[in-house]
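Here is a short briefing for a first look at this structure.

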Amino acid sequence: MSANPASTAAGSKPGSGFRLPKVPFWAQIVAGLVLGVVLGWLTRTYDIGWLHTTLDKVGHIFVQLLKLAVAPLVFFAILVSITNLRKVNNAARLATRTLLWFMITSLIAVAIGLTIGLLTNPGSGTGLTPKDGKLPEHAGSWLDFLTGIIPDNVITPFAELNVLQIVFMAAVAGIAALQLGEKAQPILSLSESVLELLQKALWWVIRLAPIGTVGLIGYAIADYGWDLIGKYATFTADVYIGCALVLFGVYPLLLATVAKLSPLQFFKGAWPAIQLAFVSRSSVGTMPVTQKVTERLGVPKEYASFSVPFGATTKMDGCAAIYPALAAIFIAQIFDVQLGVGDYLLIAFVSVIGSAATAGLTGATVMLTLTLSTLGLPLEGVGLLMAIDPILDMMRTATNVAGQALVPVIVSARENILDRAAYDSASSSPVDEEALDAEPQRVPVAA
């Protein structure tokens, strides 16, 4: 018996029967956050062992799926992005301007981090002592940073997920392909196809983000609890406030004054990438979404395909600017070390020059150890922050990704290559409904 048209559900096709309404992707993420908090609270309150394990496994599998695509995605994205520059007029000028704005926004972010840290003294009154810290398993130094860029072989960087070395190899391959010209075209065509394949596979993983959210948030609440967060209340608040000031203060101000663009339109277009970054805690894992929303905001595809992968591995206002500035002050206060003006200037220098050490992966431990070792602070201080790191990393990564979309928009606007009609019409999420199945492409500009 056919369905009565009068009773057909809203949004369903005539004669197709009842259909559940499609839930927007952002709503699925929010639902995952709420459910994760509830399940985490229940797990910790009633000590439900099996639920604690389940939440851990669900979150771990989601992050592992993201990491699975990181190595090949970074390699082919960087390779293709470099070769795509040949299609862009004034490519060298655009690359230089992009790097310059990366540095400017990083300096602003680290200045905000230092100011908040000096005003709030996050290490005071925590009850933590130096004996609570422990040495990190992996520490960063300038020597390691400089010598570690060049790999010993082509296999190890992919096996050990050394993103800096992968970026180095991809850059060398991309530059060599540009020099070879037409002879390298078969390799470039293959690389573009592989990149599209990887992005398609990653879209499937992104579909699982609401489920991954339940596991990640639920496990964080169940494992760490509110008591532990309470010990780091000032520091946690500082990181979130600092990131919020950059995300919702500095970025809109730059858009309005430097690019002469509506900040509200930027957030409407970029929000899908920002919210996914908050959940996944991976700039590289979010990269396909970041590139898609950047293109939707009117940035030319050829330029976006260079600037977004470049930013995903080097542009870290949250992890490499705000966080290490606050963490250095926090650890110095715990270990009763006095920092001077020279130390604060050194923090700013490390944040701008060493930000590539974060490499777009979950966490910022390497960047923090690089900052501490440069300042001569005890590396055991890293252990003080490891327990709270996942909670902090969500906001840090969201800020990172917003900056990675912001700079190409600003540069495009100032170079008069931004499609302002596309920018003004950017509204709905590119990861909603059928758009998740579509190939990345420029959204038609509404008449």
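Which residues of α14 are buried? They are Y344, I347, A348, V350, S351 and V352. Keep in mind that this is a predicted model. Two packed helices are described by the angle between their axes and the distance between the axes.

- Helix α14 covers residues 341-353, which makes 13 residues.
- At 1.5 Å a residue, α14 should span 18 Å. Its end C-alpha atoms lie 19 Å apart, which agrees with that expectation.
- Helix α13 runs over residues 318-334, and its axis comes within 9 Å of the α14 axis. The two axes cross at roughly 150°.
- An angle over 145 degrees counts as roughly antiparallel, so α13 is roughly antiparallel to α14.
- The crossing of α13 past α14 is right-handed.
- On the α13 side, the contact is made by A320, A321, P324, A325, A328 and I329. On the α14 side, Y344, I347 and S351 take part.
- Y344, I347 and S351 are also among the buried residues of α14.
- The contact of α13 with α14 has eight nonpolar residues, one polar residue and no charged residues.

**Helices α10 and α11**

- Helix α10 spans residues 263-280, and helix α11 spans residues 283-296.
- They pack at an angle of about 170°, and their axes are 8 Å apart.
- α10 and α11 are therefore roughly antiparallel to each other.
- α10 passes α11 in a crossing that is left-handed.
- From α10, the residues in contact are G269, A270, P272, A273, L276, A277 and S280. They meet T286, V289, T290 and V293 of α11.
- By class, this contact of α10 with α11 holds seven nonpolar and four polar residues, with no charged ones.

**Helices α2 and α6**

- Helix α2 takes in residues 49-84, and helix α6 takes in residues 163-180.
- Their axes come within 8 Å and cross at roughly 30°.
- That angle is under the 35 degrees used as the cut-off, so α2 is roughly parallel to α6.
- The crossing of α2 past α6 is right-handed.
- α2 brings V70, A71, V74, F75, I78, L79, I82 and T83 to the contact.
- α6 brings V163, I166, V167, M169, A170, A171, A173, G174, I175, A177 and L178.
- The contact of α2 with α6 has 17 nonpolar, two polar and no charged residues.

**Q291, a residue of α11**

- Q291 sits in helix α11.
- Is Q291 buried or exposed? Its relative accessibility is 12%, so Q291 counts as buried.
- With neighbours within four places in sequence left aside, Q291 is in contact with Q199, A304, S305, V308 and P309.

**D238, a residue of α9**

- D238 belongs to helix α9, residues 233-257.
- Its relative accessible area is 3%, so D238 is buried.
- What does D238 contact, leaving aside its neighbours within four places in sequence? The residues are I116, T120, P122 and L326.
- T120 and D238 are 118 residues apart in sequence. In space, their C-alpha atoms are 7.9 Å apart.

Definitions and conventions. Residues numbered from 1 in each chain as written. Predicted model: local features only at pLDDT ≥ 70, side-chain atom pairs only at ≥ 80, totals over all residues. Heavy atoms only, no water. Axes fitted to C-alpha atoms, helices over the stretch in contact; angles between N-to-C directions. Helix = DSSP H or I, 4+ residues; strand = E, 2+ residues; numbered from the N terminus. Parallel < 35°, antiparallel > 145°, perpendicular 65-115°, else oblique. Left-handed = near helix turned anticlockwise from the far one by under 90°. Contact = heavy atoms within 4.5 Å. Nonpolar A, V, L, I, M, F, W, Y, C, P; charged D, E, K, R; others polar. Expected span 1.5 Å × (residues − 1). Buried < 20%, exposed > 50% of the residue type's maximum accessible area, 1.4 Å probe, protein only.
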